[in-house]
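Have a look at the structure first, then follow the notes below.

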Amino acid sequence: MITKNYQKILDEIGDKNKLMAVTKYSEFDDIKEVYDLGHRDFGENRIESLLPKALKAQELGLSDIRWHFIGHIQSKKISKITQVPNLKSVQSLDSIKHMKIFDEKLARPLDFYIQVNTSAEEQKGGLWDSSTVQEFYNAAKELKNINIVGLMTMAAASGLPPRESFQKLVDIRNEIDPNLKLSMGMSGDMKVALELGSDCIRVGSAIFKS
Ligand SMILES: *Cc1c(COP(=O)(O)O)cnc(C)c1O
């Protein structure tokens with residue numbers, strides 16, 4: 001079923017470099033199944049799940065796998081995040097304090113996305129407006145190990161339509177730096193995210209859970 005789901009999603013997206021397979025619902029065998037189809041980019045939102053999966057992948061010699069951390073960040077867990085083998089990006093950065101800790105703990109530069117709250121939901125992480133994102137982006141330029149490559153957002157589960165959230169991210173990106181990538185779109189709203197030019201669709205349940 002996973003293989004079939006994956007092929008279907010890939011057909012819709014048309015480019016596997018735009019697809020991140022989110023593995024929070026999956027056991028290692030499921031990840032390996034998608035890896036064996038030629039997929040390399042995988043994301044997790046909890047460090048407690050990410051680290052063991054990444055270590056297992058390393059043990060099995062999957063040396064070209066790329067892991068992305070997409071979850072809520074806590075200061076005390078930043079060291080652990082930096083220890084993940086084959087970590088390619090952290091997409092949920094929204095605190096200058098956290099950014100400085102990452103800069104200290106990292107042995108070399110890492111790709112980061114600034115998380116933006118485009119849905120006006122209090123419980124979601126992310127910066128709220130373009131001037132805050134701009135300040136954050138400027139502060140990152142002073143740090144040697146923080147390489148900001150894009151902006152990430154999650155649409156609201158209900159309320160504000162995904163199109164409005166994603167358009168807001170596009171507008172902020174265009175204002176700040178047109179070279180920044182856009183990480184937006186999940187199982188339920190990937191079509192509209194693609195229409196609006198997403199560079200990274202993060203899909204979990206539509207691959208691993210249905
Ligand atoms: C879980 C998660 C996803 C994937 O969600 P699905 O609806 O299962 O595709 C994408 N992004 C983040 C930040 C997530 O936590």
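Let's start with a repeating pattern: strand S2, helix H3 (residues 47-59) and strand S3 together form a β-α-β unit, and this unit is right-handed. Keep in mind as you read that this is a predicted model.

**Strands and crossovers**
- S2 (residues 41-44) and S3 (residues 66-69) run parallel, and 4 bridges join them.
- If you want a landmark in that pairing, find Phe 42, which stands opposite Trp 67 in S3.
- S2 also pairs with S1 (residues 19-22); these two run parallel as well, joined by 2 bridges.
- Phe 42 turns up here too, as Ala 21 is the residue that stands opposite Phe 42 in S2.
- To get from S1 to S2, the chain goes through helix H2 (residues 28-36), making a right-handed β-α-β crossover.

**Burial in S2**
- Are the faces of S2 covered or open? Both are covered: Asp 41 and Gly 43 are buried on one side, and Phe 42 and Glu 44 are buried on the other.
- Glu 44 belongs to strand S2.
- Why does Glu 44 count as buried? Because its relative accessibility is 0%, and the cut-off for buried is under 20%.
- Glu 44 and Gly 204 are 160 residues apart along the chain, yet their C-alpha atoms are separated by 9.4 Å.

**Around the ligand**
- Gly 204 is also one of the residues surrounding the ligand, in a group including Val 22, Lys 24, Tyr 25, Asn 45, Ile 70, Arg 202 and Ser 205.
- Which residue puts a side-chain N or O atom 2.7 Å from an oxygen atom of the ligand? That's Lys 24.
- Ser 205 has a backbone N or O atom that lies 2.8 Å from an oxygen atom of the ligand.
- On its own the ligand has 380 Å² of accessible area, and the protein covers 91% of that.

**The annotated domain**
- UniProt, in an unreviewed entry, places the feature "domain: Alanine racemase N-terminal" at residues 2-208.
- Over residues 2-208, the chain is 41% helix and 18% strand.
- The end C-alpha atoms of that stretch are 6 Å apart.

Key: Residues numbered from 1 in each chain as written. Predicted model: local features only at pLDDT ≥ 70, side-chain atom pairs only at ≥ 80, totals over all residues. Heavy atoms only, no water. UniProt positions renumbered as here; feature names shortened; annotations may be inferred. Buried < 20%, exposed > 50% of the residue type's maximum accessible area, 1.4 Å probe, protein only. Pairing = 2+ DSSP bridges. Right-handed = clockwise from strand over helix to strand, strands pointing away. Near = heavy atom within 4 Å. Polar contact = N/O pair within 3.5 Å; in protein donor to acceptor, adjacent residues only side chain to side chain. Areas by Shrake-Rupley, 256 points an atom, 1.4 Å probe, with all protein chains shown as cover.
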